[in-house]
Amino acid sequence: MTDIQELLLSRIRDVPDYPKPGVVFKDITPLLADPAAFTALTEALADLSLRNGATRIVGLEARGFILAAPVAVRAGLGFIPVRKAGKLPGATLRQAYELEYGTAEIEVHAEDLTPEDRVMVIDDVLATGGTAAASLELIRRAGAQVAGVAVLMELGFLDGRAKLTPELGGAPLDALLTV
């Protein structure tokens, strides 16, 4: 394990039985409260974004916003929020995706992405891969290219990588931590 991985992992708190019995929630708020850890995370994600030729950063609602906005600033790139349906004013592109029990929809402003853009998707956790896959579809529907997906943490036991890999079209998927 690298020094940055050790630092990040040491600042993630396990919360048993949240939000329901049997689930161990990975709480990143201690990491966000630690300036050294948050800076290391931001720099690592910004480096990945630049290395993959990104011109824009997409953050997925809601914790993805917390990570993606400072990554965009650090990398000198624009930040584009992908939000739950009905939260953005103006013309949007909408994409439905499957949840464990039902469906959900996400949106992006139609004019925020262009065919010249290479987009890096940033989120806190890769779980089942549904939200990330839907965001890739939105990016492509807007005419932009996918530079990759980068997450703080991948929940390996949920096998989201297997679901997301075909949707990446050869773009990289990077997780700083796998738990």
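User: In this predicted model, where does valine 179 lie?
Analyst: The model is predicted. Strand E9 covers 173–178. Valine 179 lies in the segment after strand E9.

User: Is valine 179 buried, partly exposed or exposed?
Analyst: The relative accessible area of valine 179 is 31%. Buried means under 20% and exposed means over 50%. Valine 179 is therefore partly exposed.

User: Which residues form a nonpolar patch on the surface?
Analyst: The patch has about 270 Å² of accessible area in total. Its members are Met1, Leu9 and Val179.

User: How many aromatic pairs does a search of the whole structure find, and what is the geometry of tyrosine 18 with phenylalanine 25?
Analyst: The search finds two aromatic pairs. In one of them, tyrosine 18 and phenylalanine 25 sit 5.3 Å apart, centre to centre. Their planes make an angle of 80°. The pair is edge-to-face.

User: What is the geometry of the pair formed by phenylalanine 65 and phenylalanine 79?
Analyst: The ring centres of phenylalanine 65 and phenylalanine 79 are 6.1 Å apart. Planes over 60 degrees apart count as edge-to-face. Here the planes are at 85°, so the pair is edge-to-face.

User: Which elements hold phenylalanine 65 and phenylalanine 79, and how many residues apart in sequence are the parts their pair ties together?
Analyst: Phenylalanine 65 belongs to helix H4, residues 63–75. Phenylalanine 79 belongs to strand E4, residues 78–84. The pair therefore ties together parts whose separation in sequence is 14 residues.

User: Is serine 49 buried or exposed?
Analyst: Serine 49 lies in helix H3, residues 35–51. Its relative accessible area is 0%. The limit for buried is under 20%, so serine 49 is buried.

User: Which residues is serine 49 in contact with, leaving aside its neighbours within four places in sequence?
Analyst: Serine 49 is part of helix H3. With neighbours within four places set aside, its contacts are Ala54, Ile57, Val71, Met120 and Ile122.

User: What radius of gyration does the protein chain have, and why does it agree with a compact globule?
Analyst: The chain has 179 residues. A compact globule with 179 residues would have a radius of gyration near 16 Å. The value for the protein chain agrees, because it is 16 Å.

User: What share of the contacts with a separation of 6 or more comes from residues 24 or more positions apart?
Analyst: The protein chain has six helices and nine strands. Among its contacts with a separation of 6 or more, residues 24 or more positions apart account for 61%.

Technical notes: Residues are numbered from 1 along each chain as its sequence is written. This is a predicted model: local features need pLDDT of at least 70, side-chain atom pairs count only at pLDDT 80 or more; totals for chains, interfaces and linings use all residues. Side-chain values use heavy atoms; hydrogens and water are left out. Patches are made of residues with over 30% relative accessible area and no salt bridge: like charges are joined within 9 Å, nonpolar side chains (Val, Leu, Ile, Met, Phe, Trp, Tyr) within 5 Å. Accessible areas come from the Shrake-Rupley method with a 1.4 Å probe; for residues, only the protein chains shown count as cover. A salt bridge is a side-chain nitrogen of Lys or Arg within 4 Å of a carboxyl oxygen of Asp or Glu. Helices (H or I, at least four residues) and strands (E, at least two) are DSSP runs, numbered from the N terminus. Buried means under 20% relative accessible area, exposed over 50%, partly exposed in between (1.4 Å probe, protein chains only). Rings of Phe, Tyr and Trp (its six-membered ring) pair if their centres lie within 6.5 Å; planes under 30 degrees apart count as stacked, over 60 as edge-to-face and the rest as tilted. Contact means heavy atoms within 4.5 Å. The radius of gyration is taken over C-alpha atoms; the globule rule is 2.2 Å times the number of residues to the power 0.38.
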